[in-house]
Amino acid sequence: MRAPFEQRLHERLNAAHAAGRWRAPRTLEGAQSPDQVIDGRRVLAFCSNDYLGLAADPRVAAAARAALDHYGVGAGAAHLVNGHTRAHAELEADLAEFTGRERALLFSTGYMANLGVLQALLGRHDTVVEDRLNHASLLDASRLAGCRTRRYRHGDPEHATALLEASGPQHSRLIVTDGVFSMDGDLAPLPALAVAAQRHGAWLMVDDAHGLGVLGERGGGSCEHFRLSAAEVPVLMGTLGKAFGTAGAFVAGSRMLIETLTQFSRTYIYTTAMPAAIAAATRESLAIAGRESWRRDRLQSLIDHLRRGLTQLGLAHPGSVTPIQPVILGASGLATAMAEALLERGLLVPAIRPPTVPEGTARLRITLSAAHTEAQVDRLLETIDRLLPQVRRACPQAV
Ligand SMILES: *Cc1c(COP(=O)(O)O)cnc(C)c1O
């Protein structure tokens, strides 16, 4: 007889397994790169967020190594105690400049940045108005903040406006959206959301985890893409573990915003600062990302190449202009079987299924990097073309 606690966990684990929702990490040998060995198998990966190919850049690693020699490994304390080194201060100044904001503040992860911003800015009577398909960390952030939460239909600024109008102007209102949505790769309608926010005395916050470094001529992200000013997007959150290839996150904005977060954001105050070596490495990757615009050009040409190929194969793919390229297959079983068949041929492409995405839109989620080659994209296209009819035949229930 199992104890009740154990019994309950046992049942939940069994249910997750039976529902085909079992999750487990694979083990990667060596650096992040398109060609990799994972779980002992050589694969070509189309699933990382290393959009500019900087995660394993030798110059970024060298900057980390030099800082390790100078600072050691651990920061030793929180920013507000004595863990905030010269490297952190310099990175914050660089991030403020890169994003065209007065100041920037580092957080240890993007998840924590989102929790910390909403908790610091909003109280019980305040309202967050957010896109239904926002990243999980933003959905969790509004719950932790304990504020009123209103969710608008995906990418629908009119619905967002209606929700703003229905919430009283006597309290703070914050519209919150991903800049680039992580499952479809589509862009948020930022110009319309900025107008709605300004018209109603609300603020707009953009989580640009997938836009920074990638969109805009200088890699300034969704805001640069839409030419939105700091006044139109007063709260900009970015992560450092995606296009910038390191780890951590930041929030950029006015002096007053950054002071508010410094005083009140619990995920900033009560955690150890990121290692100084990561900050120093990020300064290097930020400089490279800004300067080497060929990485964005290369990525864009791979995106165009993949999209043309998918169209030629007659596959449904939404109009994403970003490195996140979903291929909609429909049934969960088909998406899973296809991902497994691709893996057998040495191609790592994840299947994304409900409830992560709406029913009937299970998909392969391809992500591209400037480190991919056109030949590698061709190999992916050819393999999908060859396997899809076989896989469809093999799972006739999955139509
Ligand atoms: C990855 C991601 C985060 C979380 O960032 P981490 O630094 O990985 O914790 C937050 N928001 C979005 C939209 C993301 O894609």
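# A tour of two domains

Start with the whole chain: the C-alpha centres of domain 1 and domain 2 lie 28 Å apart. The model is predicted, so local features need pLDDT of at least 70 and side-chain atom pairs count only at pLDDT 80 or more, while totals for chains, interfaces and linings use all residues. Residues are numbered from 1 along each chain as its sequence is written, and side-chain values use heavy atoms, with hydrogens and water left out.

**Stop 1: the domains**

Colour residues 27-55 + 293-398 as domain 1 and residues 58-291 as domain 2. These bounds come from an automatic or database domain assignment. Now show where they meet. Domain 1 puts 22 residues into the contact, and domain 2 puts in 26 residues. Contact here means heavy atoms within 4.5 Å. Together the domains bury about 1800 Å², with 59% of it on carbon and sulfur atoms. Buried area is the accessible area (1.4 Å probe) that two parts lose on being put together, summed over both.

**Stop 2: the salt bridge across the interface**

How many salt bridges does the rule find across the interface of domain 1 and domain 2? It finds one. A salt bridge is a side-chain nitrogen of Lys or Arg within 4 Å of a carboxyl oxygen of Asp or Glu.

Select Arg363 and Asp184. They form a salt bridge, with the closest N and O atoms 2.7 Å apart. Arg363 sits in strand 14 (residues 362-367), and Asp184 in the loop between strand 7 (173-178) and helix 8 (190-199). The two are 179 residues apart. Helices (H or I, at least four residues) and strands (E, at least two) are DSSP runs, numbered from the N terminus.

Are Arg363 and Asp184 buried or exposed? Both are buried. Buried means under 20% relative accessible area, exposed over 50%, and partly exposed in between (1.4 Å probe, protein chains only).

**Stop 3: the largest nonpolar core**

Next, select Phe46, Met338, Leu364, Ile366 and Leu368. Of the 63 residues in the largest nonpolar core, these touch the most other members. Helix 12 (residues 276-291) gives the most to this core, with eight residues. Domain 1 and domain 2 both give residues, so the core lies between them. A nonpolar core is a set of buried Ala, Val, Leu, Ile, Met, Phe, Trp, Tyr and Cys residues joined through side-chain atoms within 4.5 Å.

Zoom in on Leu364. Leaving out residues up to four places away in sequence, Leu364 touches several residues, including Gln325, Val327, Met338, Leu342 and Ile384. A second, separate core has 26 residues, among them Leu105, Met205, Val251 and Tyr268.

**Stop 4**

Switch to the cartoon view. An open sheet of three strands runs in the order 11-14-13, with antiparallel pairing. Strand 11 (324-330) and strand 13 are at the edges with a single partner strand each, so one side of each has no neighbour in the sheet. Two strands pair if DSSP finds at least two bridges between them. Strand 11 and strand 14 pair over six bridges.

Follow the chain to Glu359, in the loop between strand 13 (351-352) and strand 14. Glu359 is exposed, with a relative accessible area of 70%.

**Stop 5: strand 3 and its partners**

Select residues 35-38 and 41-45. These are strand 2 and strand 3, antiparallel and joined by four bridges. Asp35 stands opposite Leu44. The hairpin has two residues between the strands, and Asp39 takes a positive phi near 50 degrees there.

Strand 3 pairs with strand 12 in the parallel sense, over two bridges. Ala45 faces Leu348 in this pairing, standing opposite that residue.

**Stop 6: other salt bridges**

The structure holds 14 salt bridges. Arg255 is in helix 10 (residues 255-264), and Glu102 is in the loop between helix 4 (86-99) and strand 4 (103-107). The pair is 153 residues apart. Glu102 is partly exposed, at 46% relative accessible area.

Move to Glu344 and Arg345. Their closest N and O atoms are 3.9 Å apart. Glu344 is exposed at 61%, whereas Arg345 is partly exposed at 35%.

End the tour at Asp57, Arg59, Glu292 and Arg295. Salt bridges with shared partners join these four residues into one network.
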